[in-house]
Amino acid sequence: DRAMLSCLHVLRQPDLLGMSVRVLLALVCGGLIGIERSGKRRPAGFRTHILICLGATMTTATSQYMYLVMRYPISMSRMGAQVIAGVSFIGAGAIIMTKWRRVRGLTTAAGLWVVAIVGLCCGAGFYEGAAYATFLVLVAEVFFSKLEFRVLRGMREVTVYAEYARPSCLEEIVTRCHMLGVKIVDLEITRKGEDNSCAVLALQSRRGTGREEVLQTLAGIEGVLTVVEA
């Protein structure tokens, strides 16, 4: 244990060897998280996570170098704090709202924020924290997502976007959902006009009613113009 701590102490020094280890660790940690996101075809993938992690690492390493080696009277934590604020703008760009008012990209944005913190850990020489955080992020994104799917598998959920010609159609949609044993969790009328109206319905079924059956039943209602899964 003492030999390992001594080795890590050497690698934490603000010299060429220490900086090289920090950059390489950031490359590995950011790449591992980015590969998982790329595999799910998310907007921020492999290269984006690597670049953010490397940028955060170099920011922290540069502030340490300026303070410890060049003896500049600066705060080593100030530059790292700006990284957290800056990556928030990138994360906001990964969050989108679909035309049916559903929010997408929250997990990717949170992942970008975490990978920036992993980069700060690498740049500060906190290698153990960077490795642990990367491992836990992968566990959350890979294994917990499967666990969530299995837990919610018996509780089928579907969000439906519907356009209908007259207000009475919405009442018929609600009636048909009850007949199918489908619970309406949320209902939002997105547009109400003289010609056509639109609504988004969050539906939940415990009887095993499939998405196709729900969509076909609602599409068969007279006056319903469009029914698609949002």
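**Close-up views of a predicted model**

**View 1. Helix α7 has an exposed face.** E171, H178 and M179 are exposed and sit on the face of α7 turned away from its buried side. Exposed means over 50% relative accessible area, buried under 20%, and partly exposed in between (1.4 Å probe, protein chains only). On the buried side are C169, L170, I173 and C177. Seen down the helix axis, these buried residues fall within an arc of 100°, so they line one face of α7. The arc is taken from the directions that run from the helix axis to the C-beta atoms. Helices are DSSP runs (H or I, at least four residues), numbered from the N terminus. This is a predicted model: local features need pLDDT of at least 70, side-chain atom pairs count only at pLDDT 80 or more, and totals for chains, interfaces and linings use all residues. Residues are numbered from 1 along each chain as its sequence is written, and side-chain values use heavy atoms, with hydrogens and water left out.

**View 2. Length and end of α7.** The helix covers residues 168–179, and its 12 residues should span 16 Å at 1.5 Å a residue. The expected span is 1.5 Å times one less than the number of residues. The end C-alpha atoms are 17 Å apart, which agrees. G181 follows α7 and has a positive phi, near 80°.

View 3. E172 and R176 meet through their side chains in a salt bridge (2.9 Å, N to O). A salt bridge is a side-chain nitrogen of Lys or Arg within 4 Å of a carboxyl oxygen of Asp or Glu. The two residues are four apart in the helix, separated by about one helical turn. E172 is partly exposed at 28% relative accessibility. R176 is partly exposed too, at 24%.

**View 4. R12 pairs with E128.** The closest N and O atoms of this salt bridge are 2.6 Å apart. R12 lies in the loop between α1 (2–11) and α2, and E128 in helix α6 (residues 127–151), so the pair ties together parts that are 116 residues apart in sequence. R12 is partly exposed at 27%, and E128 is partly exposed at 25%.

**View 5. A network around E36.** Salt bridges link E36, R37 and E141 in a network. E36 lies in helix α2 (residues 16–39). In the E36–R37 salt bridge, the closest N and O atoms are 2.9 Å apart. Both residues are buried, with E36 at 9% relative accessibility. The structure holds four salt bridges.
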